[in-house]
2 protein chains.
Amino acid sequence: MNNFNFYSPTFFVFGKERENEAGKYVKRFGGTRVLIHYGGGSVCKSGLLDRVKESLTAEGIYFSELGGVKPNPRSGLVYKGIEICKKENIDFILAVGGGSTIDSSKAIALGALYEGDFWDFYEGKRIDKALPVATILTISAAGSEGSTGSVITHENGMLKRAANGDALRPVFSILNPELTVTLPNYQTACGATDMMAHVMERYFTNTKDIEITDRLCEGILLTIIKEAPKALANPTDYESRANLMWAGMVAHNDICGVGRDQDWSSHQLEHELSALYDVAHGAGLAVMFPAWMKYVMYHDVMRFAQFAVRVWGCEMDYQQPENTARQGIAKLEQFLISIGMPVRFAELNAKAEDIPALVKTLGLGNQTLGSFVKLTEKDVTAIYKLAI
Amino acid sequence: MNNFNFYSPTFFVFGKERENEAGKYVKRFGGTRVLIHYGGGSVCKSGLLDRVKESLTAEGIYFSELGGVKPNPRSGLVYKGIEICKKENIDFILAVGGGSTIDSSKAIALGALYEGDFWDFYEGKRIDKALPVATILTISAAGSEGSTGSVITHENGMLKRAANGDALRPVFSILNPELTVTLPNYQTACGATDMMAHVMERYFTNTKDIEITDRLCEGILLTIIKEAPKALANPTDYESRANLMWAGMVAHNDICGVGRDQDWSSHQLEHELSALYDVAHGAGLAVMFPAWMKYVMYHDVMRFAQFAVRVWGCEMDYQQPENTARQGIAKLEQFLISIGMPVRFAELNAKAEDIPALVKTLGLGNQTLGSFVKLTEKDVTAIYKLAI
């Protein structure tokens, strides 16, 4: 096990009707002039936004608002949000939505306290401070409600990049599973896939003797595998929504990833896909993760066999463990298909002839991607081809 | 799943040699006048205490010290610590030791900011504030390094009682598994048993549809079952110590217990035992937990069957699930014996004729204990008898 620090100070407020406490918590965490940031559509139509505003008004808290966040959130709206913050002396950002809204809010929070271009942080500048961000989550997926990360696509060149820092951990996050029961099945499935990817990108590691985090990872995956199909079959089932919602947080606040090298190659391979084709992040991951696995499994067959046996209930083939390893990947792929996810390029309208462009935008050059297997441009090309 | 709040803001500093960073973190978290609180013996002899003092001195931090904490920590030393804090204007408490030292530190932290008797908080007074407490952990067991709780025995009547409050969460905790490699096997096993109890007291619940926390609980138990025997067979094995140390934290910061009714009966049944006979907490739990299980299993046979199958690898008896349930309890008992734990009264030098006194000190009267099954004095008596 590697040395590590773990710090997850977000106050989680979980359960039915908890969004009505938004004002109380904004006050407790020091917000006086709030920017409410959201996408649109269901957040407005469902009355959620009105309830949140009422809750702030009841506490006498000033607020401004900015809607319009889209999936794969863009830099344009971030610049707009930063401008509002500076003009209106905003001291607190309340994200009402899913991962895109939260990530956009985190970017605004960074830019609001920075003289330069917020994009600097997405090109590697160290994060020291940001406005406090809180969230009211409406989809179980990104884990951004408890994570240090934010992913934004810059419209100049359609670069999709991540920033990470403790200052980006939300101060509080309200998780009401009721808010997710109206999600279309495709979005629920995309969310489940994203959550699984967050776990698997921690699971496949070269670090040895990490039983505790292995077991936590497996527990989260087993939960998603059981609960996602229930939520899809019966979208208004509160209990499966609740299990998925907490699983999504635990999958990504790093409690299951500490003390080990992590490998976020699949996420990066997907980022290029969704930047180019604007596909849903979860759908892109469903295509890229099995492809990555098929390519790298020979590097540590026993780890893939453990994954197959413990997570997918495969029988161990003691004579030929690679059969078990392969079976685990096949089971993952079958599961993704069963919940309505694409698993091949064509289903995303992605094109084989774009692979060189995808690889180029990734910008590896002579460097490598990932840690489980260090991937060269040649490897990455082969993985994209496996996804055709 | 029940509505819940989850808040675990402790900054965890995990790994080899991390105790040398104590001064840096005390400074970061605002300590200027520190009380170092510890037991004695190994903490002094090993040089750990000296290294910690050097680390504080290097940062120019004033410190006072108070040693002498014993297992099942007593009120007498707490009063002494509170006096030091008030006299010396202490603003930060640094616990160097195991659960007893940390719990004693939390009690001092409470009393230092309170005009009345600190014991009020152990009789139910609501906790609003305490001095910041940080920990350098030397045994994987109590989970107090990440929890809201503290358990103290009052010398007036030998009452062992718990206090709980967010203000008791350590601000930072340093977890270096190297510090645990010199532990006698008996203490390692007691610690493992305590950790398992923390999980099981969350696991056996009447709350339905809690797959995510069930799976996390099971993952932690599976880890302890694998790693504790490795640590006992090879005490200097860093990796098993590291897995146990993180498991002990995750077992008790409540990440695996949210959203469900919990049942801490076994802990309370044990507290009476260890208060009367001064036995190690883990040893008392090894005796009381299987007894409690045997008594309550008929209340929810399928939950005990799930425990047996998922945690102990038992074959499910679909025709007679109670066979599986019983087998799980037997496997737990066998495991406890295998790691050198007592499982009967006689092994603790506890006496059957003291049972009425144990029940009386518990002080139930017409009330009940626990939530999974609400235990009357008659039930509690029967459970103590099962442990003979």
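Helices (H or I, at least four residues) and strands (E, at least two) are DSSP runs, numbered from the N terminus. With that in hand, welcome to this structure. This is a predicted model, in which local features need pLDDT of at least 70 and side-chain atom pairs count only at pLDDT 80 or more, while totals for chains, interfaces and linings use all residues. Residues are numbered from 1 along each chain as its sequence is written, and chains are lettered from A and ligands numbered from 1 in the order in which they are written.

## Two loop residues

Let us begin with the loop between helix H4 (75-88) and strand S4 (92-97) of chain B, where B:Asn89 has its place. B:Asn89 is not a glycine, yet its phi has a positive value near 50°. A residue is buried if 20 or more other C-beta atoms lie within 10 Å of its own, exposed if 12 or fewer, and partly exposed in between, with C-beta atoms placed from the backbone. B:Asn89 has 11 such neighbours inside 10 Å, so B:Asn89 counts as exposed.

In chain A, the loop between strand S1 (4-14) and helix H1 (22-28) holds A:Glu17. A:Glu17 is not a glycine either, and its phi is positive at about 65°. With 10 other C-beta atoms within 10 Å, A:Glu17 is exposed.

| Helix | Residues in helix | End-to-end C-alpha distance | Expected span |
|---|---|---|---|
| H7(A) | 23 residues | 34 Å | 33 Å |
| H6(B) | 19 residues | 27 Å | 27 Å |

Which helix packs against H6 (residues 185-203) of chain B at an angle of about 50°? The partner is H10 (residues 281-296) of chain B, and the two axes are 7 Å apart. Here axes are lines fitted to C-alpha atoms, for helices over the stretch in contact, and angles run from 0 to 180 degrees between N-to-C directions. Angles under 35 degrees count as roughly parallel, over 145 as roughly antiparallel, 65 to 115 as roughly perpendicular and the rest as oblique. H6(B) and H10(B) are therefore oblique to each other.

Two residues are in contact if their C-beta atoms, placed from the backbone, lie within 7 Å. On the H6(B) side, the contact residues include B:Ala189, B:Asp194 and B:Met200, while those of H10(B) include B:His281, B:Leu285 and B:Phe289. By class, this contact of H6(B) with H10(B) has eight nonpolar, four polar and one charged residues. Ala, Val, Leu, Ile, Met, Phe, Trp, Tyr, Cys and Pro count as nonpolar, Asp, Glu, Lys and Arg as charged, and the others, Gly among them, as polar.

## A closer look at B:Glu201

Helix H6 of chain B also contains B:Glu201. B:Glu201 counts as buried because it has 25 C-beta neighbours inside 10 Å. Beyond its neighbours within four places in sequence, B:Glu201 is in contact with B:Gln262, B:Asp263, B:Trp264, B:Ser266 and B:His267. B:Trp264 is 63 residues away along the chain, but its C-alpha atom and that of B:Glu201 are separated by 5.5 Å.

## Where the chains meet

The contact between the chains takes 35 residues from chain B and 35 residues from chain A. On the side of chain B that touches chain A, strand S1 (4-14), helix H7 (211-233) and helix H8 (238-250) of chain B each supply at least two residues. H7(B) gives the most to that side, with eleven residues. By class, the side of chain B that touches chain A has 18 nonpolar, eight polar and nine charged residues.

One residue found in helix H7 of chain B is B:Gly219. With 28 C-beta neighbours inside 10 Å, B:Gly219 counts as buried. Not counting residues up to four places away in sequence, B:Gly219 touches A:Arg215, A:Leu216, A:Glu218 and A:Gly219.

Note on methods. The expected span of a helix is 1.5 Å times one less than its number of residues.
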